[in-house]
Amino acid sequence: MGDGIVVFGGGGRAGRAVTAEARRRGYEVTAVVREPARYPELGAEGVTVVRGDVTDPGSVRAVAGGHVAAVHAVSPFSGPEQGFDSLDPDFFVTAADALLGGLAATGVRRLVAVGLFANLLGADGRPVMDDPAVFPPEIRPFARAHTAGLDRLRAHAAGEDAVDWVMLTPGGGLEQGAPRTGRYAIGGERVPEGAGPALSYADLAVAVVDEIERPTRHRTRVSVTGTGPGAE
Ligand SMILES: NC(=O)c1ccc[n+]([C@@H]2O[C@H](COP(=O)([O-])OP(=O)(O)OC[C@H]3O[C@@H](n4cnc5c(N)ncnc54)[C@H](OP(=O)(O)O)[C@@H]3O)[C@@H](O)[C@H]2O)c1
């Protein structure tokens, strides 16, 4: 576990892709899920499945120690069919606090979080989620909750012992099952102009593990987009 990566949301779409990419590069992975019995297929060589809750600082401390980096790929909302009755608007704020506190306490210095397209800025400078022509208004409660989590990460004080976080936000859609090309483009706060094809989860995972191995962005949020077919 000493040079491994702990993946919160390890049973989800992004979490599985990150786990696969990390294993491909030889990292040990601790996949954190709330109920390990629901994921009998997740454990594999180099992958340890543990119970944990990203909103609980004690739980974060219990699972994070000894890893070189953590990945936040947790979502309380997996699709419109789920509805919002159970959505806690403070979910991502609570998770940000638990992660930054728990990781700092256990000496894990790098956190890569997956963001949401909805709070990138459009051409008019407004967040995408404020434009009903681009973003479905019915999903705004989730987008607002996600954005509050980003704001919370930004509000955490910098300092010698602070966690060096970065949030990688898909610049458009995320495609499950699309191939890994090994390529992606990092942008800024805006929806990238003339963005390439939707990013595959596999290439998002390449970007996530790259930002662990060779960090290029610090305490900020950036867009990540696909670049089309690559060498693989
Ligand atoms: N275009 C875009 O911008 C875009 C598209 C898709 C996703 N995303 C973002 O990418 C991230 C990952 O999304 P995804 O598609 O991988 O979601 P997903 O497949 O729904 O997976 C999310 C995982 O979060 C876990 N989870 C929920 N509550 C938890 C808690 N309290 N503690 C620990 N784990 C918890 C769930 O696992 P358990 O139920 O087992 O705990 C679930 O497997 C999210 O931030 C999402 O908003 C962005």
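This is a predicted model: local features need pLDDT of at least 70, side-chain atom pairs count only at pLDDT 80 or more; totals for chains, interfaces and linings use all residues.
Which residues line the largest cavity?

**Stop 1**

Begin by displaying the strands. Eight of them form an open sheet in the order S3-S2-S1-S4-S5-S6-S10-S8, and the pairing is mixed. Select strand S3 (47-51) and strand S8 (185-186) next; these are the edge strands, and each pairs on one side only.

Now select residues 164-170, which make up strand S6, together with residues 220-225, which make up strand S10. These two strands run in the parallel sense and are paired over five bridges. Within this region, show Thr169, which stands opposite Ser223 in S10.

**Stop 2: helices on the sheet**

**Stop 3: the largest pocket**

Select Arg13, Val74, Ser75, Phe77 and Ser78. Of the 41 residues that line the largest pocket, these lie nearest its centre. The volume of this pocket is about 1200 Å³. The elements that supply two or more residues to its lining are H1, S2 and H4, and H1 gives the most, with three residues. Colouring the lining of the largest pocket by class shows 21 nonpolar, 16 polar and four charged residues.

**Stop 4: a pair of rings**

The model contains three aromatic pairs. One of them is formed by Phe77 and Phe142, whose ring centres are 4.8 Å apart and whose planes meet at 40°, so the pair is tilted. Phe77 lies in the loop between S4 and H3, whereas Phe142 belongs to helix H4; the pair therefore ties together parts that are 65 residues apart in sequence.

**Stop 5: the largest cavity**

The tour now returns to its opening question. Select His72, Phe92, Ala96, Ala113, Val114, His146, Gly149, Leu150, Leu153 and Met167, the residues that line the largest cavity. A search of the whole structure finds one cavity of 30 Å³ or more, and the space in the largest cavity is about 70 Å³.

Which elements each supply at least two residues of this lining? They are helix H3 (91-106), strand S5 (110-114) and helix H4 (140-155). Helix H4 gives the most, with four residues. By class, the lining of the largest cavity has seven nonpolar and three polar residues, and no charged residues.

Conventions. Residues are numbered from 1 along each chain as its sequence is written. Side-chain values use heavy atoms; hydrogens and water are left out. On a 1 Å grid over the protein atoms alone, a cavity is a set of points where a 1.4 Å probe fits but cannot get out, and a pocket is an open set with protein on both sides within 12 Å along at least five of seven lines; lining residues have an atom within 4 Å of a point. Grid points are joined across faces, edges and corners, and a volume is the space filled by probe spheres set on the points. Ala, Val, Leu, Ile, Met, Phe, Trp, Tyr, Cys and Pro count as nonpolar, Asp, Glu, Lys and Arg as charged, and the others, Gly among them, as polar. Two strands pair if DSSP finds at least two bridges between them. Rings of Phe, Tyr and Trp (its six-membered ring) pair if their centres lie within 6.5 Å; planes under 30 degrees apart count as stacked, over 60 as edge-to-face and the rest as tilted.
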